[in-house]
Amino acid sequence: MSNATFPVSKALQKKPLSPNTNPVSREAAEEAVRVLIRWLGDDPSREGLIDTPARVTRTFGEWFSGYSESPADILSRTFKEVAGYDDIVIVRGIGFESFCEHHMAPIIGTAHVAYLPDRRVIGLSKLARLVDIYARRLQIQEKMTAEIVNSLQTFLKPKGAAVMIRADHHCMSTRGIRKHGTDTVTSSFTGVFRSDPLWQQRFLHLVGLC
Ligand SMILES: [Zn+2]
């Protein structure tokens with residue numbers, strides 16, 4: 001397994017969306033919701049639904065706020081005064097809500113995010129915010145896992161990074177095959193967590209998997 005440094009991918013360089021750069025207006029998005037309501041067989045002009053398109057677009061703005069945030073901004077503020085601390089930093093059990101990019105069905109899960117500092121650390125809450133940036137986009141769990149670990153590696157440049165995600169996919173439990181109680185586990189490693197089985201073992205131990 002290679003211990004190569006990660007190139008900054010095109011996806012990581014992409015400029016975040018803002019109201020000024022969004023090519024779709026809020027009015028057009030609300031009209032799309034009205035079309036969907038009509039397609040379902042209901043009447044978007046009845047009293048109970050009249051304000052629904054505005055509410056839905058506002059709610060989608062919150063659920064998908066990850067498109068307007070940049071991991072580079074969040075990971076740019078680092079601290080060097082760590083008194084020689086040189087062990088794993090891990091934040092466990094970061095809850096998140098995401099949506100699968102195939103059905104736009106909820107993905108509800110938790111993430112464990114770790115890195116081995118190379119002289120620099122970041123605020124712990126930034127790891128949770130990093131998870132949210134990628135969760136609040138249309139996703140598949142495999143891609144989300146890789147994006148979190150790659151952006152940590154790219155912008156913080158630690159000796160290694162490790163991410164494990166466990167999630168319940170509503171596109172499996174509430175539609176299609178309708179299997180309740182399943183979860184999906186994915187993991188991704190860079191640096192020493194990828195090249196050295198002992199570091200990987202310590203991460204797995206800290207997340208309670210060995
Ligand atoms: Zn799906």
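Visitor: Which residues does proline 158 touch, not counting residues up to four places away in sequence?

Guide: In this predicted model, proline 158 touches Tyr115, Leu116, Pro117, Asp118, Leu152, Gln153 and Gly191, with residues up to four places away in sequence left out. Proline 158 itself is found in the loop between α6 (141–156) and β6 (160–169).

Visitor: Is proline 158 buried or exposed?

Guide: A residue is called buried if 20 or more other C-beta atoms lie within 10 Å of its own. Proline 158 has 24 C-beta neighbours inside 10 Å, and therefore counts as buried.

Visitor: In what order do the strands of the open sheet stand?

Guide: Strands of a sheet pair through backbone hydrogen bonds, either parallel or antiparallel. Here five strands form an open sheet in the order β5-β2-β3-β6-β7, and the pairing is mixed. At the edges are β5 (138–139) and β7 (184–189), each of which pairs on one side only.

Visitor: In which sense do β3 and β6 pair?

Guide: Strand β3, residues 106–116, pairs with β6 in the antiparallel sense over ten bridges. Glycine 109 stands opposite alanine 167 in β6.

Visitor: Which strands does helix α5 lie across?

Guide: Helix α5, residues 124–135, lies across β2 (89–100), β3 and β5, and runs at about 20° to β2.

Visitor: How is the protein chain divided into domains?

Guide: The chain is divided into domain 1 (26–63) and domain 2 (73–206). Their C-alpha centres lie 33 Å apart.

Conventions: Residues are numbered from 1 along each chain as its sequence is written. This is a predicted model: local features need pLDDT of at least 70, side-chain atom pairs count only at pLDDT 80 or more; totals for chains, interfaces and linings use all residues. Helices (H or I, at least four residues) and strands (E, at least two) are DSSP runs, numbered from the N terminus. A residue is buried if 20 or more other C-beta atoms lie within 10 Å of its own, exposed if 12 or fewer, and partly exposed in between; C-beta atoms are placed from the backbone. Two residues are in contact if their C-beta atoms, placed from the backbone, lie within 7 Å. Domain bounds come from an automatic or database domain assignment. Two strands pair if DSSP finds at least two bridges between them. Axes are lines fitted to C-alpha atoms, for helices over the stretch in contact, and angles run from 0 to 180 degrees between N-to-C directions.
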